[in-house]
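Here are some exercises to work through with the model open beside you. Try each task before reading its solution.

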Amino acid sequence: MGLSTRFTELLGVRHPIVLAPMGGSAGGALAAAVSRGGGLGMLGSANGDPEWLARELPLIAAAAGKPWGIGFLTWQIDADVIERALEHRPRAVMLSFGDPSPFAERIRAADTVLIIQVTDLEEARQAVDLGADVIVAQGTESGGHGARRGRSTLPFVPVVVDLAAPVPVLAAGGIADGRGVAAALALGAAGALVGTRFQATTEALVDPSTAKAIVEGQGEDTERNRVLDIARGSRWPSKYTARTLGHRYLDRWRGREAELAADPRARQDYEQDVAQGEIPSLPMWAGEAVDLITDLPSAADLVDTLAAQAEDALNRAGRL
C-alpha cells in the first residue's frame, strides 16, 4: 500500500518525502535523484545566485518530467530572483526564514505550489494568511538554520497541523529514516522534509569530509549556535541559529559571541583558515538524528528505502 496524502495528491509525487532545499548542497543532481525516486526534489538556491542556478538547473532535467521545486532564503532575495526562478516552471517554490509576504502572491499567480517553512506559531499564522499551499513545520532538532527559541518537532508539528488545517503540513527536524517519516504522518503531517540524511548521498554537493563526518557523527556532537555565522561574516538574522557538528571556532568562541562580532581580526583568521584548508569552507550542518545515518546511498534509492521503512513502521503500529 502506498503512502498517499494530501501532499502527494497535490504535488503528484509517489512518496510524501521532500528534499530540504539546503543551500549549496541540494543541487540539480540531488534534486533530480529525489524526484526520480518518487519524492519531491528541491533545489537549494539560497540567495538565487544566477551562476549557481545556471549550472544546477539544467541538471534537474534528469528528473525526466517528474515534479521538482526550488527553495530560497527569504531574507536574502528580491522579486527579480523569484521571477527568474518562475521562468523555469518549477512545480513548487519554498520560502524559508524571513517575511514571505512580498513574494507569495506572485508565486501563486504562476500556478506554482507555494511552500512556506515556519519555525514558530507567529510564522505559521502568517503562512496561513498568505495562502500557503503547503506549510513546513520545522523543529529545533533540524540541521542547519532554525529558530533560536523554537520548539522540538514532536510538540510543534501537531500544533501547526491544527492551526493550518486543511492546508497540508510537512514535518521537519530530526527525521533521518522511515520511522521518522511514519512519526510525522502519525502527528497529522502530510509528509516529511528531510535534510541531513540527503546530505549523505552520492549526489549531494558536499565535501567528502563533510559526508564522512555526518556518517560518523552522533546527535550529541551537534550544537545550535550563532558563532560560526558571526565568524564567517554571514548576515543571518539573529532569531535563527544553526545546528552544526563540532568546530574549533565554536570551541574557541562559545559564549563570547559579542566579543567575536567586535573582533575583525578573528573573522580575518577564519577566512585565512578556510583559504588554507585548515577548516571547511562551510560549517558541517547536521541535525540531531545524525546517528541514524551510516551510509552514502543514491538519493533515488534512499527515497524508496525511507518510504518502505515508513510503511513498515505504520503497519507495525496498526496504522495501515
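**Exercise 1: Around helix α6**

As a starting point in this predicted model, Gly 131 follows α6 and has a positive phi, near 80°.

Task: Find which residues of α6 are buried, and work out why they line one face of the helix.

Solution.
- Step 1. Go through α6, residues 121–129, and pick out those under 20% relative accessible area: Leu 121, Glu 123, Ala 124 and Ala 127 are buried.
- Step 2. Look down the axis of α6: the buried residues fall within an arc of 155°, and therefore they line one face of the helix.
- Step 3. Recall that an α-helix has 3.6 residues a turn, so residues three or four places apart point the same way.
- Step 4. Turn to the face away from the buried side, where Glu 122 and Asp 129 are exposed.
- Step 5. See what covers the buried residues of α6: the cover includes β5 (113–118), β6 (134–138), α7 (153–164) and β11 (240–244).
- Step 6. Finish at the start of α6, where the backbone nitrogen of Glu 122 has a side-chain oxygen of Asp 120 within 3.2 Å.

**Exercise 2: The largest pocket**

Task: Describe the largest pocket by its volume and the classes of its lining residues.

Solution.
- Step 1. The volume of the largest pocket is about 910 Å³.
- Step 2. Its lining has 48 residues, and Pro 21, Met 22, Gly 23, His 145 and Trp 285 are the closest to the centre.
- Step 3. Elements giving two or more residues to this lining include β2 (41–46), β3 (68–73) and α9 (196–199).
- Step 4. Sorted by class, the lining residues are 21 nonpolar, 22 polar and five charged.

Terms used: Residues numbered from 1 in each chain as written. Predicted model: local features only at pLDDT ≥ 70, side-chain atom pairs only at ≥ 80, totals over all residues. Heavy atoms only, no water. 1 Å grid on protein atoms, 1.4 Å probe; cavity = no way out; pocket = protein on both sides within 12 Å on 5 of 7 lines; lining within 4 Å. Points joined across faces, edges and corners; volume = space filled by probe spheres on them. Helix = DSSP H or I, 4+ residues; strand = E, 2+ residues; numbered from the N terminus. Nonpolar A, V, L, I, M, F, W, Y, C, P; charged D, E, K, R; others polar. Buried < 20%, exposed > 50% of the residue type's maximum accessible area, 1.4 Å probe, protein only. Arc of directions from axis to C-beta. Contact = heavy atoms within 4.5 Å. Polar contact = N/O pair within 3.5 Å; in protein donor to acceptor, adjacent residues only side chain to side chain.
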